[in-house]
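Dear colleague,

Here is the structure for your files. My notes on what was found follow below.

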Amino acid sequence: MLNIGIIIGSTRSQRVSPQVAQHILKHAQGRANVHYEIVDLLDYDLPLYDEPIPAAFSSDYQTPQAKAWSETISRLDGFVFINPEYNRGVIASLKNALDYLYPEFVNKAAGIVGFGSTGGSSAARALREILISLEVAVVKVQPGFNLFTDFKDMREFTPSDVHDGSIHNMFDQLESWGEALKNVRQKA
């Protein structure tokens, strides 16, 4: 069975990312041979990155929060990143969390669900580049929600059913790639 984490990238107090994550989790219910769970960065309280040696060279983390973050990412086979767009880029809390780790991400699959004034497309593109350098295989289908049409007053998530097909296509690709990469990791 695959274990996929739906990672909430925002940690700000007035965030809407948990609503988006719950919507994605609802769509994941009942899929065969896969377990989806929400992983909230807020629960890890990661300080700004300050490890003595970059994760690409050592996974001997000094920060207790990094150790807990590492354990979570290690046990997952893939990810759906809930990626809000801030100033056309990846939110700082998510970038910070990604910077803490390296080997835990290698040879795993990821989907990106973006949202913002343009559906989060710029942030999704930036996140894709970051994930590729962590050796994560990013699937092609990237559902994107618009702050003006899929949210009421930019606070309440009210997505259109038009997104349902792309959400399920993302799951199909993610699960297929996740299973293949699980086999790669087991042979390594």
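A salt bridge here is a side-chain nitrogen of Lys or Arg within 4 Å of a carboxyl oxygen of Asp or Glu. The model is predicted, so local features need pLDDT of at least 70, side-chain atom pairs count only at pLDDT 80 or more, and totals for chains, interfaces and linings use all residues. Residues are numbered from 1 along each chain as its sequence is written, and side-chain values use heavy atoms, with hydrogens and water left out.

Salt bridges. The count by this rule comes to 8. Helices (H or I, at least four residues) and strands (E, at least two) are DSSP runs, numbered from the N terminus.

Helix α1 and helix α5. Helix α1 (residues 17-28) packs against helix α5 (residues 164-187) at an angle of about 70°, and their axes are 10 Å apart. Axes are lines fitted to C-alpha atoms, for helices over the stretch in contact, and angles run from 0 to 180 degrees between N-to-C directions. The two helices are therefore roughly perpendicular (65 to 115 degrees; under 35 counts as roughly parallel, over 145 as roughly antiparallel and the rest as oblique). On the α1 side the contact (heavy atoms within 4.5 Å) is made by H23, I24, H27 and A28, and on the α5 side by D164, I167, H168 and F171. These residues divide into 4 nonpolar, 3 polar and 1 charged. Ala, Val, Leu, Ile, Met, Phe, Trp, Tyr, Cys and Pro count as nonpolar, Asp, Glu, Lys and Arg as charged, and the others, Gly among them, as polar.

Helix α3 and helix α4. The axes of helix α3 (residues 92-100) and helix α4 (residues 121-133) cross at roughly 5° and come within 11 Å. That makes α3 roughly parallel to α4. L94, K95 and L98 of α3 meet L127, I130 and L131 of α4 in this contact. By class it has 5 nonpolar, no polar and 1 charged residues.

Regards
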